[in-house]
There are 2 protein chains.
Amino acid sequence: MAKKVVPEEERRRRRPTRQGVVVTQQLIVETALRMLHEHGRDGLTVRRLGLALGADPSTLYRYFRGIDDLTLAIADELIGRAMRGRRPTGQWRTDLREIGLRIHTAYLAHPEAAVLTASRVSGRANEIAGDETLLGVLRSTGLPDPDVVRIYQAFVDQALAFAALDAASLALPEAARAADERVWHATYAELPAETHPNIAALAPLLVARMNDSAYPTALEMLLDSAEASIRRARRGGDRADT
Amino acid sequence: MAKKVVPEEERRRRRPTRQGVVVTQQLIVETALRMLHEHGRDGLTVRRLGLALGADPSTLYRYFRGIDDLTLAIADELIGRAMRGRRPTGQWRTDLREIGLRIHTAYLAHPEAAVLTASRVSGRANEIAGDETLLGVLRSTGLPDPDVVRIYQAFVDQALAFAALDAASLALPEAARAADERVWHATYAELPAETHPNIAALAPLLVARMNDSAYPTALEMLLDSAEASIRRARRGGDRADT
DNA sequence: TGAGTAAGGTCAACGCTGTTGGCATAAGGT
DNA sequence: ACCTTATGCCAACAGCGTTGACCTTACTCA
């Protein structure tokens, strides 16, 4: 078997599989995303990937070191899709808001993949480009470097954290997702006011909001805070923080 | 095999296993937490759980419907540990801050378990009690119910989202965690200023902050926003939002 | 005190999984 | 046209969650 994976750029021989498919890293990643979509979070298996690809399962190991390596490639693909087609306005707040919402949207479009990848550092092209862009937007505000880094970190972690949390609910196996939702109607909505007065009083409102993400609100709050820091920096010169 | 799991309260016969262990749901949950700690996120297996418990693997199915049911029990245990020993001050902001940080801390103490459970709704005792407490704190501020629910949701989701994200990094298999960390030093810190000026300029600051959680900052921002809403509610009567 | 019941522990088996070593084949540089 | 070797394929391994049947023994009730 393969001692080493040949990098995509150095591949010369493109030998089709028995079923006539010419395999590439990109094709594997796209197939993996589709399988996660169709079969759920646990539905990405090497054997099924081979089947869907029209190749032997072990072929994967000619293109990735293993499942974890494939996972990092998927992570980078998600970031790439989030940033692709972006239209920067030059207004930092508008641009940051759009990036945050784009990340959230792109991840929720592939919830099973999002769960697998949100906490990973791929170090691949799309991730690096995204970070460079983000840091550029923040630096353009004139913030001192330590503040840029602080806000950058909060922004990225918040976007990824909410994306992962919201995706995790969507990505649950159907049985578990239905069970979790049933808890709201069967358990929370039925608690008696004597023992749980607060839940009982708010149950209808809680159930109604249940499926909405809190990310847009949290994002706006972060941008407010950033704006305050930027005002402070522009006014006070080298005063950095309170 | 068992057609149905007997609820813990109704258990009468406590028959020890061949190795003399008297099994309970609580014992299984504690053992599962310990195994996750010792063997990593993928280290909780039914067979290993049986071994650690001193019982046949299939014994689990006498106490839980399956791995997913056990997962929900673990989720509730984490919430219970987060809230246990809390000392309410009666000051809403202080109390909310403490609850948020306690959740974050309790989850990070068991990162592998946190990843499995952060997005689940257990509907069990500790979770319900925690929600009742939180809603009580928020209602004590005099906020109108819709604002209570809105802030409650943002607060809980943000706490769980950051807990899950931060836990996910800690819970990675050692090889993956080391690889992700190496990316920062080997990839980001080495990018040339010509192609990636922003990353190159900030690399030392980025690497230094790499291991710190952004949650405390985000939490304080959420509390700021809540405080503003409360002020507005107390002043304006029935004016709810901007 | 003794008998009957069924809770609960154990065993063996099923069809999955990721991964690997060895082998066959054909692509592409010369 | 040849030769090298990249690349696809096959078979096998250990370990996974789960299940059905079986057996043992704690508890109930007379």
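**Entry 1. Terms and ground rules**

Grid points are joined across faces, edges and corners, and a volume is the space filled by probe spheres set on the points.

I noted that this is a predicted model, in which local features need pLDDT of at least 70 and side-chain atom pairs count only at pLDDT 80 or more, while totals for chains, interfaces and linings use all residues. Residues are numbered from 1 along each chain as its sequence is written, chains are lettered from A and ligands numbered from 1 in the order in which they are written, and side-chain values use heavy atoms, with hydrogens and water left out.

**Entry 2. Cavities**

I looked up the cavities of 30 Å³ or more in the whole structure and found three. The largest cavity holds about 50 Å³ of space. I listed its lining as A:R150, A:I151, A:A154, A:L222, A:S225, A:A226, B:T217 and B:M221. The elements giving two or more residues to this lining are helix 8 and helix 11 (215-236) of chain A, together with helix 11 (215-236) of chain B. Helices (H or I, at least four residues) and strands (E, at least two) are DSSP runs, numbered from the N terminus.

I found it lined by B:V46, B:L49, B:G50, B:L53, B:A55, B:D56, B:P57, B:T59 and B:L60. Helix 2 (residues 46-53) of chain B supplies four residues, the largest share of this lining. The lining of the second largest cavity divides into six nonpolar, two polar and one charged.

**Entry 3. The largest pocket**

I read a volume of about 1400 Å³ for the largest pocket. Its lining counts 39 residues, and A:R41, A:D42, B:R41, B:D42 and B:L116 lie nearest its centre. Two or more lining residues come from each of helix 4 (67-83), helix 6 (111-117) and helix 8 (145-171) of chain A, and from each of helix 4 (67-83), helix 6 (111-117) and helix 8 (145-171) of chain B. I recorded 25 nonpolar, five polar and nine charged residues in the lining of the largest pocket.

**Entry 4. How the two chains are related**

I superposed chain B on chain A by a rotation of 180° with 0.0 Å of shift along its axis, at an RMSD of 0.1 Å. The two copies are thus related as by a two-fold rotation axis. The superposition is by least squares on the C-alpha atoms of residues with pLDDT of at least 70 in both copies. Within chain B, B:A161 comes closest to the rotation axis, at 2.5 Å (C-alpha).

I then checked the interface: 100% of the interface residues of chain B are also interface residues in chain A, so the copies meet through the same surface. Contact means heavy atoms within 4.5 Å.

**Entry 5. Chain A as a whole**

I counted 11 helices and zero strands in chain A. Its radius of gyration is 22 Å, well over the 18 Å that the globule rule gives for 242 residues, so chain A is more spread out than a compact globule. That radius is taken over C-alpha atoms, and the globule rule is 2.2 Å times the number of residues to the power 0.38. Along the principal axes, the C-alpha atoms of chain A fill a box of roughly 60 × 55 × 30 Å.

Of the 242 residues of chain A, 51% count as buried. Buried means under 20% relative accessible area, exposed over 50%, and partly exposed in between (1.4 Å probe, protein chains only).

I found A:M83 in helix 4 of chain A, where A:M83 is buried at a relative accessible area of 18%. Leaving out residues up to four places away in sequence, A:M83 touches A:I99, A:R102, A:G130 and A:T133.

I placed B:T117 in helix 6 of chain B and noted it as buried, with a relative accessible area of 2%.

I located A:S119 in the loop between helix 6 and helix 7 (125-139) of chain A. Apart from neighbours within four places in sequence, A:S119 is in contact with B:L165, B:A168, B:S169 and B:D180.

Terms used:
On a 1 Å grid over the protein atoms alone, a cavity is a set of points where a 1.4 Å probe fits but cannot get out, and a pocket is an open set with protein on both sides within 12 Å along at least five of seven lines; lining residues have an atom within 4 Å of a point. Ala, Val, Leu, Ile, Met, Phe, Trp, Tyr, Cys and Pro count as nonpolar, Asp, Glu, Lys and Arg as charged, and the others, Gly among them, as polar.
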